[in-house]
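Try each task before you read the solution below it.

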Amino acid sequence: MTVPVLLTPLLSLVDSPTTSEVEYVVGGNALNGPDRDDAAHLLADESMTIACGRAPALDWWRTHRDGGPAQVGNKLKTLESIVEVAFGLPRKPKNVDHVQGHVAELLWNRLVNERTVCRDGRQLVRAHPIKMDALEPGGDGLVVYQDCHGTLVYRLWEIKKHDAKAGITSTINTASKQLRDRGDQYLAKLAGPETLTEDLALGDLYANMIEWWWDRSKRAGVGVSVGTSDHHAPTRPTTFGSIRTQFPEFTEASQTESIVVAVPDFPGFADRVKEIVWSGL
């Protein structure tokens with residue numbers, strides 16, 4: 001199986017207007033046919049890459065996914081232990097909300113890693129890997145950039161799936177409030193160990209992250225990402241207003257960001273990613 005390298009070209013992302021107080025992108029509504037399956041394969045492979053790292057289990061999984069022999073014995077048990085965290089197993093599936101939440105995080109993870117240069121000139125330094133368990137307490141996403149002046153800055157993200165009758169605005173509002181109420185705790189869980197890096201500038205950023213959060217410093221910022229179905233896709237900048245409402249001190253549009261990936265039948269797409277992951281067991 002040849003897995004596509006990039007997700008971004010498959011989603012036809014549209015940027016927010018320059019007048020928007022929140023910088024956002026929306027896309028995915030035309031993800032159909034071969035492109036849809038390519039995107040699902042990319043996310044399945046990405047999930048296993050994050051989960052396995054350099055462990056040989058990744059090659060075992062890819063071999064069987066691509067039509068090779070299945071693993072048996074303790075090697076199969078190893079693969080099942082890894083897959084079960086995010087997707088469950090064919091004999092014991094995860095709750096659909098859990099799987100959809102993980103796929104929403106995988107979409108965000110690919111897009112922020114592919115966006116190496118932002119509209120305001122920031123350059124990607126590091127995007128922290130997502131958690132394999134979407135329901136695990138803690139922050140969903142943390143990204144470090146270098147701005148056009150050479151200063152390191154960060155963005156703390158909350159990532160949601162939306163599959164409800166209510167409009168997507170309610171989910172963005174919930175995520176924004178979560179960041180406001182728990183953002184300091186999310187950073188407290190992430191930042192401390194990262195100060196041990198040998199990169200002095202990066203270590204200084206992590207050492208001061210929480211204080212800069214409370215200061216609402218220009219070196220801090222937030223983002224909300226949502227995975228959903230195409231009929232929930234936002235059409236107006238006001239959909240994202242709650243991010244700025246919860247963080248009025250972040251005065252630059254690029255300090256309040258959002259990504260919405262709205263694909264046809266998002267629950268079905270998440271199921272397809274799961275099926276591909278299971279195909280390697």
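## Exercise 1: A proline in a helix

Pro-9 lies in helix H1. This is a predicted model, and every exercise here is worked on it.

**Task.** Find out whether Pro-9 is buried or exposed, and how far Pro-9 is from Tyr-186 in space.

**Solution.** 
- Step 1: The cut-off for exposed is over 50% relative accessible area.
- Step 2: Pro-9 has a relative accessible area of 57%, so it is exposed.
- Step 3: Along the sequence, 177 residues separate Pro-9 and Tyr-186, and their C-alpha atoms are 31 Å apart.

## Exercise 2: The whole protein

**Task.** Work out how the radius of gyration of the protein compares with that of a compact globule of 281 residues, then describe the fold and its surface.

**Solution.** 
- Step 1: For 281 residues, a compact globule would have a radius of gyration near 19 Å; the protein has 19 Å, so the two agree.
- Step 2: The C-alpha trace spans about 55 × 45 × 30 Å along its principal axes.
- Step 3: Counting secondary structure gives 9 helices and 9 strands.
- Step 4: Of the 281 residues, 52% are buried.
- Step 5: Take the contacts with a separation of 6 or more: 70% of them join residues 24 or more positions apart.

## Exercise 3: One face of a helix

**Task.** Which residues of helix H3 (residues 57–65) are buried, and why do they line one face of the helix?

**Solution.** 
- Step 1: The buried residues in H3 are Ala-57, Leu-58, Trp-60, Trp-61 and Arg-65.
- Step 2: Looking down the axis of H3, these buried residues fall within an arc of 160°, so they line one face of the helix.
- Step 3: The general rule behind such patterns is that an α-helix has 3.6 residues a turn, so residues three or four places apart point the same way.
- Step 4: Now look at the cover. The buried residues of H3 are covered by elements including helix H2 (33–52), helix H4 (73–87) and helix H9 (266–278).
- Step 5: Just after H3 comes Gly-67, with a positive phi of about 105°.

## Exercise 4: Positive phi in the loops

**Task.** Ser-12 and Asp-265 have a positive phi without being glycine. Where are Ser-12 and Asp-265 found, and what is the relative accessibility of each?

**Solution.** 
- Step 1: Ser-12 has phi of about 50° and is found in the loop between helix H1 (8–11) and strand E1 (14–15).
- Step 2: At 46% relative accessibility, Ser-12 counts as partly exposed.
- Step 3: Asp-265 has phi near 55° and is found in the loop between strand E9 (256–263) and H9.
- Step 4: The relative accessible area of Asp-265 is 45%, so it is partly exposed.

## Exercise 5: Distances from Leu-11

**Task.** How far from Leu-11 are the C-alpha atoms of Asn-32 and Thr-245?

**Solution.** 
- Step 1: Asn-32 is in the loop between E2 and H2 and, at 44% relative accessibility, counts as partly exposed.
- Step 2: Asn-32 and Leu-11 are 21 residues apart along the chain, and 10.0 Å separates their C-alpha atoms.
- Step 3: Thr-245 is in helix H8 (residues 241–246) and counts as exposed at 57% relative accessibility.
- Step 4: Thr-245 and Leu-11 are 234 residues apart along the chain, with 28 Å between their C-alpha atoms.

Definitions and conventions. Residues are numbered from 1 along each chain as its sequence is written. This is a predicted model: local features need pLDDT of at least 70, side-chain atom pairs count only at pLDDT 80 or more; totals for chains, interfaces and linings use all residues. Side-chain values use heavy atoms; hydrogens and water are left out. Helices (H or I, at least four residues) and strands (E, at least two) are DSSP runs, numbered from the N terminus. The radius of gyration is taken over C-alpha atoms; the globule rule is 2.2 Å times the number of residues to the power 0.38. Buried means under 20% relative accessible area, exposed over 50%, partly exposed in between (1.4 Å probe, protein chains only). Contact means heavy atoms within 4.5 Å. The arc is that of the directions from the helix axis to the C-beta atoms.
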